[in-house]
Amino acid sequence: MFGRSASIRESRTPLRLLILGLALVLAAAFGPPAATAGGPGHSGDAPYRGKIISQLRHMTLEEKVGQLFVIEVAGRDANTPSDAAKAINQRMYGVDTPAQAVAKYRPGGVIYYTTRNNDDNIGDPAQVATLSNGLQAAALAQPRRIPLQISVDQEGGALVARFGAPATQMPGNMALGAGRSAADAKRSAQVIGTELDAVGVTQDYAPVADVNVNPNNPVIGIRSIGSDPALVSDLVAAQVRGYRAGGVSAVAKHFPGHGDTGKDSHFGLPEVTHTRAEMEAIDLPPFRAAIAAGIDTIMTAHVVLPAIDPGVPATMSHKILTGLLRDDLGFDGLVVTDALDMQGATSTYPPDVAPVRAFLAGADQLLVPPQMDVAYGAVLDAVRSGEISKKRLDESVYRILLHKHREGIFRDPFVDPAAATQVVGAPQHLADAQAITNRTTTLVKNDAGLLPLTAGPRRVLVAGWGVGTTQGIANAMGARGATTQVLESGTTPSATAIANAVAAAQNSDLVVVSTNNAYAINADTGQPTPAAVAQTALVRALLATGKPVVVAAMRNPYDVASFPEAATVLDTYGYTVGQLESLVRVLFGEVNPTGKLPVSIPRADGTGVLFPFGHGLGY
């Protein structure tokens with residue numbers, strides 16, 4: 001029953017001519033949608049073509065439409081979820097269990113979440129593996145016996161990582177950009193992929209291929225590798241290869257680029273004002289690199305590009321998904337929408353319109369529509385009415401089935417829960433994660449020569465943002481002989497919290513203060529957010545005490561622009577346990593900082609660059 005692994009996945013080379021000839025005969029008998037090499041664009045699909053055509057011939061219209069959807073389910077067990085999970089499944093789908101949701105819609109895929117809608121899918125590795133097996137069993141119990149694609153957003157880093165400990169926590173994209181190593185990017189993806197594969201996840205919605213050229217981007221930031229298209233392209237391609245080596249397929253996102261937006265598409269519809277020439281220079285190279293590296297799937301962005309299709313979100317734009325992605329870039333794999341319940345989609349199109357428009361634009365897979373019954377019925381009605389042709393429907397279902405055959409999901413959809421506990425968080429994975437992370441921490445300023453510190457007794461105040469972050473730094477400092485005091489003040493320090501930190505600093509030998517988006521700008525007003533103003537006030541008040549102060553920007557690296565007078569500044573690009581450990585190792589000279597800025601840091605007054613791309617100090 002168990003045994004799916006990357007080492008035995010089938011190759012994508014064409015099968016012998018005899019089978020190719022037989023497949024073409026079957027294709028000719030079936031009809032045009034999958035018959036010709038110019039059909040749904042399936043390079044290297046010869047080993048599977050006849051089988052897929054046979055499957056298509058036997059599928060009902062309802063089954064084909066079901067394959068287009070990727071749904072969420074609530075609960076940690078496919079058949080016996082908690083009462084709370086049952087209530088969520090009832091609200092979303094009118095059924096009690098994840099297995100019943102699979103049986104109702106016969107979807108092409110399921111996506112795992114943790115807190116979203118209280119889905120609560122992810123516990124320990126054996127539990128997730130058992131859930132995956134239960135969902136696959138539910139899918140295989142249906143008449144066509146089509147297994148599921150099981151997906152998750154596991155980008156790595158501190159922001160979008162659904163699997164926490166014991167899963168290995170990699171440093172994330174912008175940290176990898178600071179490390180500048182394609183080998184590290186590939187290994188990071190391989191570790192993530194290996195652990196996902198062990199628990200039955202077949203696809204990771206990663207890597208992020210957006211080029212973050214907007215310091216005030218509220219949704220991408222450290223999820224991006226950086227602001228240089230060449231660097232982003234190199235590391236995206238490396239990650240595509242790494243995920244494949246780890247046994248899962250990768251998804252490059254968010255096409256055609258979400259790196260220059262000032263609005264979060266979860267809460268509105270951003271606009272990217274790049275010209276077509278700017279897109280070719282900035283946004284598209286990483287997607288071209290991903291395609292060249294063999295990316296299986298590309299995810300759309302809920303952004304508007306006036307230069308190509310004014311007023312129409314990319315997810316709903318035929319000019320972008322078909323004209324740009326399929327025709328111009330030559331991509332013949334799967335296109336999946338970003339979540340259709342995001343306001344970037346729902347604010348523009350009603351629940352019965354969005355899935356149809358996205359599909360007609362060129363999407364193959366429709367991710368978590370806000371009202372599944374409405375979405376499913378709308379697509380089904382559109383096919384029955386002829387708005388969506390049966391040929392167009394077959395093209396996407398062909399791609400979906402081809403993907404599952406190529407990835408070995410048909411061959412062996414099950415995993416071993418006992419083995420998963422040995423793979424997830426394996427000692428070598430943890431060691432590699434720390435070593436990679438150590439190569440990413442960036443020393444931006446060391447004007448006073450404060451660093452590296454010497455180990456030994458000293459009184460250290462750890463102040464600023466993050467309960468776990470400040471305590472983690474304090475613990476690591478304490479392990480090196482310091483006596484620590486922690487005063488965590490949240491994202492928006494109050495006047496009282498600032499006063500308390502200043503008083504505590506007076507009795508300290510050293511202050512370490514952590515920040516999180518102290519450079520954030522309100523897109524509507526163009527002014528710093530209240531949180532940024534308050535964090536900047538905290539840092540400046542601590543600097544005014546005259547005590548040695550180390551500022552650690554724990555998220556976006558732009559924070560130093562808010563307090564350029566700070567003498568000692570480091571960037572970690574995240575706050576995983578490994579990044580906190582790496583930070584303190586750098587502080588004490590146990591690790592020589594080698595990370596280089598993967599973005600340029602602008603001056604707060606807009607007069608130029610404070611620190612250029614590639615800046616980074618060492619000892």
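Modeller: Let's start with Ser317, which caps the N-terminal end of H11, with a side-chain oxygen 3.4 Å from the backbone nitrogen of Lys319. Keep in mind that this is a predicted model.

Colleague: Why is Gln154 called buried?
Modeller: Buried means under 20% relative accessible area. Gln154 has 4%, so it counts as buried.

Colleague: Where does Gln154 sit, and what does it touch?
Modeller: Gln154 is in strand E4, residues 154-156. Leaving out residues up to four places away in sequence, its contacts include Phe163, Ile192, Leu196, Asp204 and Tyr243. Ile192 and Tyr243 also turn up in the contact between H8 and H9.

Colleague: How do H8 and H9 cross?
Modeller: The axes of H8 (residues 182-198) and H9 (residues 229-246) come within 7 Å and cross at roughly 35°. The crossing is right-handed. Among the residues that meet are Ala185, Ala189 and Gly193 from H8, with Ala238, Gly242 and Ala245 from H9. By class, this contact has eight nonpolar, six polar and three charged residues.

Colleague: Why is H19 called roughly parallel to H20?
Modeller: H19 (residues 495-506) and H20 (residues 530-543) pack at about 20°, with axes 9 Å apart. Angles under 35 degrees count as roughly parallel, so that is the label for H19 and H20. H19 passes H20 in a right-handed crossing.

Colleague: Which residues make the contact between H19 and H20?
Modeller: H19 brings Ile498, Ala501, Val502 and Ala505, while H20 brings Ala534, Ala537, Leu538, Ala541 and Leu542.

Colleague: How do you know what classes that contact of H19 with H20 has?
Modeller: Ala, Val, Leu and Ile are among the residue types that count as nonpolar. The contact of H19 with H20 is made of such residues, so it has nine nonpolar, no polar and no charged residues.

Terms used
Residues are numbered from 1 along each chain as its sequence is written. This is a predicted model: local features need pLDDT of at least 70, side-chain atom pairs count only at pLDDT 80 or more; totals for chains, interfaces and linings use all residues. Side-chain values use heavy atoms; hydrogens and water are left out. Axes are lines fitted to C-alpha atoms, for helices over the stretch in contact, and angles run from 0 to 180 degrees between N-to-C directions. Helices (H or I, at least four residues) and strands (E, at least two) are DSSP runs, numbered from the N terminus. Angles under 35 degrees count as roughly parallel, over 145 as roughly antiparallel, 65 to 115 as roughly perpendicular and the rest as oblique. A crossing is left-handed if the near helix is turned anticlockwise from the far one by less than a right angle, and right-handed if clockwise. Contact means heavy atoms within 4.5 Å. A polar contact is a pair of N or O atoms within 3.5 Å; within protein, one must be able to donate a hydrogen and the other to accept it, and residues adjacent in sequence count only if both atoms are side-chain atoms. Buried means under 20% relative accessible area, exposed over 50%, partly exposed in between (1.4 Å probe, protein chains only).
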